[in-house]
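Student: Can we go through this model together? I'd like to start with the cavities and then turn to the metal site.

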Amino acid sequence: MIIHRYDATRMSKQFGIDISSIDGMDFPAGWGRVRPGERSDSHQHDETEMFVIIAGEGVLIVDGHRYPVTAGCAAQFAPFESHVLENTGDKDILFFLQYRRDADSARRSASSQERQDPRRPQFVFSTPPTPNGDLHLGHLSGPYLGADVYVRYQRMIGNPAWHMTGSDDYQSYVVALAERENTTPAAAAQHFSREILQTLKMMDIEPDHYTVTNDAPGYAQGAQRFFSRTLGEDKVIFAESAALRDAQNGKYLYEVDVSGQCPGCGGATNGNICEECGEPNVVTDMAQPLSKRSQLPPEHTRVARYLLPLHRFEQQIAEHHKVGRVPARMRELAHRVFSRPEFTVPVSHPSEWGIAPAEAEGEGQVIWVWPEMSYGFLYDIEQLGKKINRPWSADEPGKDWKIVHFFGYDNSFYHSILYPALYHLAYPEWQPDIDYHYNEFYLLDGKKFSTSRRHAVWGKEILAPQSVDAVRFYLCLTRPEQERTNFRLAQWEEEVRDTLLGEWQDWLHDLGERVSTAYQGNAPDAGIWTKEHVAFWARLNGLLQAITDALNPDGFSLRSAARHLKTLVTETRAFSRSQQQLAGIAQWRDEYRTAVALELAAANLLSAVAQPLMPRFSARLAAALGNETAQSWPQQAQLVTPGNRITLQETPFFCDPQACDPQECVPQEPAGQEQPSDVHWQWLEEKLGVLLPETRLHPTHVLSQLGATSLMTVTLQYQLLHEYQVDVPLETLLNQPLGEIAGHIARQQQGATA
Ligand SMILES: [Zn+2]
């Protein structure tokens, strides 16, 4: 027997609190103490752990959820659940802890959907693009496709998630462009902001909110308030420090105005951030600097600016990096940045283009556009809240917010180091829970895509209704997730021809023909199952699990998801070839129809799991199997309902990029789907999906019964007027079934065009 008594003098610091171990027990155990106002560092591990609270009161934060606890509470954490114990009382929390390693629990928890389900609002951001050019495939393949697929998948598994981005108007690149084009920064930004939004739409990416920073109501004032919160003693201060200016015209130099050698890697870089190694610079620390305009070495000068002593926040950033999904590459970058003995970052710059600080001393300066962006994300959340009637405020970030960022590696410093430091200064009480998903550079024929050098395949050059799914598929498949990857037009065309046409469409058409010939075009029911059938069925479910793992937050990888889609089709074709040997043999017809039913089940599964990646293809395939488009993520492979009308053989899914005539070949929604009321129903679903994200809509639903507020209904009424020029009375919108409203819109619109 073991009796162990708590001894306050034997405690030592671990995980940010006081811990002592209890030796000799069958499972490792110990005592823990959290002082008032303290909390343990967030962490997770493969062991199952138990806490028993002996004294005090506080909050357990498990995967971002807060649970109040007091003396007498016991809690168990599954493997990999992150946990924090925070003391909110005025006495010490004392607790007993014990943990146990169990491979089976760890295996189950590793791929558990429930553990990865944040069960709270998820704000998913793709880095707001700089409106100094349109979007090319390098942009699209990275943050934008990533965030779009992420949100589509999250919605299918029933989680509220929104994709937000905008136009990052106040970048110095916009000024540089305006100078070259002899226009104003505002005009240049407005032009490309529209182009960008249009390209996103052509890619089937429609953000739930899009902020144009130089034109958004209340944005500048909000950014000023945020900036003011970061100022103060031991925070951001206004002081003079070294800077560079052009030797010829005396102009202050930063970012795109100046180049030199990166203090981190020694490679060539522009001012302020190195695209190669991701490290920031402050331009005066670059070797051999050169002013871009005069091509002369700049002069050293001193300028008063707002300065952030970033090196003081190493501990806070390390703690932040223990909370969300933070790739090793971000932690390693932070290690490099903080290994500098001192690193003070100017967060304002002398410029005309941007938002001036509210403080008088900051006259003639603007808040640096990157810190401004850290506020922009909070602003977007507030604006989204207004649309869907949630009380979210940029001035008071919510403890339950889950923020998910998609960005290119060269923005890592801003997103994962600078922003959390600024949030810490502006809102010391807020512990932001942020997941980071970065991508590396996508190359074009071996060289970086470049907007300024026009080395690019532009979205608009390649995107059309008949190509968008093939583009999305190929970008997923080749996305530069862990390393740089290369795009070649010829390889894209080859992949469409060999895989999407040669394998996918070929198989689906062939399957349709066989169902038409052998079963009069109706899905056969499964009959007798052979061992091969059972093995194939198990394999389908295994692939579903693999694709689920590739789309869940922990292991999110579009490359992996796309590869598994390919495998699904390749293996189904092999299964099909082996089973077709029994076609037409009367004795084995019950076995053969099982094989065909299983092929249809594979097509059914493909339709559902392809939806986040290739939404149009998914919808066409569902319709050709006699199904509705999947609304939720499948839990298992499913047979197609026997008797469903199968029209695979007459459905065009993809077309050859070289041979395609868009007039002849537009595999849009199959005939019969384009009925006006369907279009309007989809429109309603889409708009209401934003307003009532947690509701699965049905044509019989009535808005007033769904808890829609009149503000929401007015929003919908305005959208109808704006997009369809159709005026529907509020009473009708609130009290008629949604299906009837869709019909009403269709009739009014026909009346208007007739
Ligand atoms: Zn570098």
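**Cavities and the zinc site**

Tutor: There are 3 cavities of 30 Å³ or more in the structure. A cavity is a set of points on a 1 Å grid over the protein atoms alone where a 1.4 Å probe fits but cannot get out, and lining residues have an atom within 4 Å of a point. The model is predicted: local features need pLDDT of at least 70, side-chain atom pairs count only at pLDDT 80 or more, and totals for chains, interfaces and linings use all residues. Residues are numbered from 1 along each chain as its sequence is written, and side-chain values use heavy atoms, without hydrogens and water.

Student: How much space lies in the largest cavity?

Tutor: About 90 Å³. Its lining has 13 residues, with Pro128, Thr213, Tyr219, Gly376 and Asp380 nearest the centre.

Student: Which residues line the second largest cavity?

Tutor: Ala223, Phe226, Phe227, Thr230, Ile367, Pro371, Glu372 and Leu422. The volume of the second largest cavity is about 40 Å³.

Student: Switching to the metal. Which residues are the protein donors of the zinc ion?

Tutor: Cys262, Cys265, Cys274 and Cys277, each through SG, at 2.2 to 2.3 Å. Donors are N, O and S atoms within 2.8 Å of the metal (3.2 Å for Na, K and Ca). Their sequence spacing is C-x2-C-x8-C-x2-C.

Student: Why is the arrangement tetrahedral?

Tutor: Because the 4 donor atoms subtend angles of 106 to 114° around the zinc ion. Four donors count as tetrahedral if all angles lie between 85 and 135 degrees.

Student: Is cysteine 277 buried or exposed?

Tutor: Buried, at 11% relative accessibility. Cysteine 265 is partly exposed, at 42%. Buried means under 20% relative accessible area, exposed over 50%, partly exposed in between (1.4 Å probe, protein chains only).

Conventions. Tetrahedral: all angles 85-135°; square planar, octahedral: opposite > 155°, others 65-115°. 1 Å grid on protein atoms, 1.4 Å probe; cavity = no way out; pocket = protein on both sides within 12 Å on 5 of 7 lines; lining within 4 Å. Points joined across faces, edges and corners; volume = space filled by probe spheres on them.
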